[in-house]
Amino acid sequence: MLDKIFEQSQTAFKPMSDLAALNTKVLEEVAEKQKAFVSDMVSDSMAYAKELSAQKDFSGIYQTQKNYLESVQEKMIAASTDAYSFMTATQEKVSDVIKSNTPA
C-alpha cells in the first residue's frame with residue numbers, strides 16, 4: 001500500500017522535478033553567458049579608454065568613439081539574438097516536458 005502511494009507521488013511530481021532540473025540548467029547557462037558578455041564589455045571598455053587617451057586630435061577621438069560604439073552595437077545585437085534563440089529553445093523544452101506529462 002505504501003509502495004503504491006510512494007510510486008504515485010513520484011509519478012505525480014516527475015514533471016516538477018523535470019522542470020526544476022531544466023530551470024537549474026537554464027540558470028547556469030544564462031549566468032555563464034552573462035559572465036562572458038560582461039567580461040567582454042569591460043575588456044572592450046578598458047581598451048577603448050586606453051586608445052582614447054592616446055588620441056591627439058578630434059578626428060582620432062571621433063574614429064575611436066565610432067569604432068567602439070559600432071563594436072558595442074554588434075555585441076548587443078549578437079547577445080540579444082542569442083538570448084532570444086536560447087529562450088525560445090528553452091520554452092520549447094518546457095512545452096515538451098508539460099506535454100509529455102499531461103494525461104491524454
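**View 1. Salt bridges in the predicted model.** The structure holds 3 salt bridges, and the coordinates shown here are those of a predicted model. One of these contacts joins the side chains of K33 and D82, with a nitrogen-to-oxygen distance of 2.9 Å. Because K33 belongs to helix 1 and D82 to helix 2, this pair ties together parts of the chain that are 49 residues apart in sequence. K33 has a relative accessibility of 33% and so counts as partly exposed, and D82, at 32%, likewise counts as partly exposed.

**View 2. The salt-bridge network of D40, D44 and K75.** These residues, D40, D44 and K75, are linked to one another in a network of salt bridges. The side chains of D40 and K75 meet at 3.3 Å, taken from N to O; D40 is placed in helix 1 and K75 in helix 2, so the contact ties together parts that are 35 residues apart in sequence. The side chains of D44 and K75 meet in a salt bridge at 2.2 Å, again from N to O; here D44 lies in helix 1 and K75 in helix 2, so the pair connects parts that are 31 residues apart in sequence. As for accessibility, D40 counts as partly exposed at 34%, while K75 is partly exposed with a relative accessible area of 23%.

**View 3. The largest pocket and the residues that line it.** The space in the largest pocket comes to about 290 Å³. Its lining consists of 13 residues, of which K33, Q34, A79, D82 and A83 are the closest to the centre of the pocket. The elements that give two or more residues to this lining are helix 1, spanning 2-53, and helix 2, spanning 58-100. Which element gives the most to the lining of the largest pocket? Helix 2 does, with 8 residues. By residue class, the lining of this pocket divides into 7 nonpolar, 2 polar and 4 charged residues. K33 and D82, both listed among the residues closest to the pocket centre, are also the partners whose side chains meet in the salt bridge of 2.9 Å.

View 4. With a threshold of 30 Å³ or more, the count comes to 1 cavity, and about 30 Å³ of space lies in the largest cavity. The residues that line this cavity are L22, K25, V26, E29, F86, T90 and K93. Helix 1 and helix 2 each supply at least two residues of the lining, and the largest share, 4 residues, comes from helix 1. When the residues of the cavity lining are sorted by class, they divide into 3 nonpolar, 1 polar and 3 charged.

**View 5. A nonpolar surface patch formed by M1, L2 and I5.** Together, M1, L2 and I5 make a nonpolar surface patch of about 400 Å². M1 is located in the segment before helix 1, and the relative accessible area of M1 is 78%, so this residue is classed as exposed, the cut-off for that class being over 50%.

View 6. S53 is placed in helix 1, and, since exposed means over 50% relative accessible area, S53 counts as exposed at 59%.

**View 7. A36 and F6, a pair separated along the chain.** A36 has its place in helix 1. A36 and F6 are 30 residues apart along the chain, and their C-alpha atoms are separated by 43 Å.

Terms used: Residues are numbered from 1 along each chain as its sequence is written. This is a predicted model: local features need pLDDT of at least 70, side-chain atom pairs count only at pLDDT 80 or more; totals for chains, interfaces and linings use all residues. Side-chain values use heavy atoms; hydrogens and water are left out. On a 1 Å grid over the protein atoms alone, a cavity is a set of points where a 1.4 Å probe fits but cannot get out, and a pocket is an open set with protein on both sides within 12 Å along at least five of seven lines; lining residues have an atom within 4 Å of a point. Grid points are joined across faces, edges and corners, and a volume is the space filled by probe spheres set on the points. Ala, Val, Leu, Ile, Met, Phe, Trp, Tyr, Cys and Pro count as nonpolar, Asp, Glu, Lys and Arg as charged, and the others, Gly among them, as polar. Patches are made of residues with over 30% relative accessible area and no salt bridge: like charges are joined within 9 Å, nonpolar side chains (Val, Leu, Ile, Met, Phe, Trp, Tyr) within 5 Å. Accessible areas come from the Shrake-Rupley method with a 1.4 Å probe; for residues, only the protein chains shown count as cover. A salt bridge is a side-chain nitrogen of Lys or Arg within 4 Å of a carboxyl oxygen of Asp or Glu. Buried means under 20% relative accessible area, exposed over 50%, partly exposed in between (1.4 Å probe, protein chains only).
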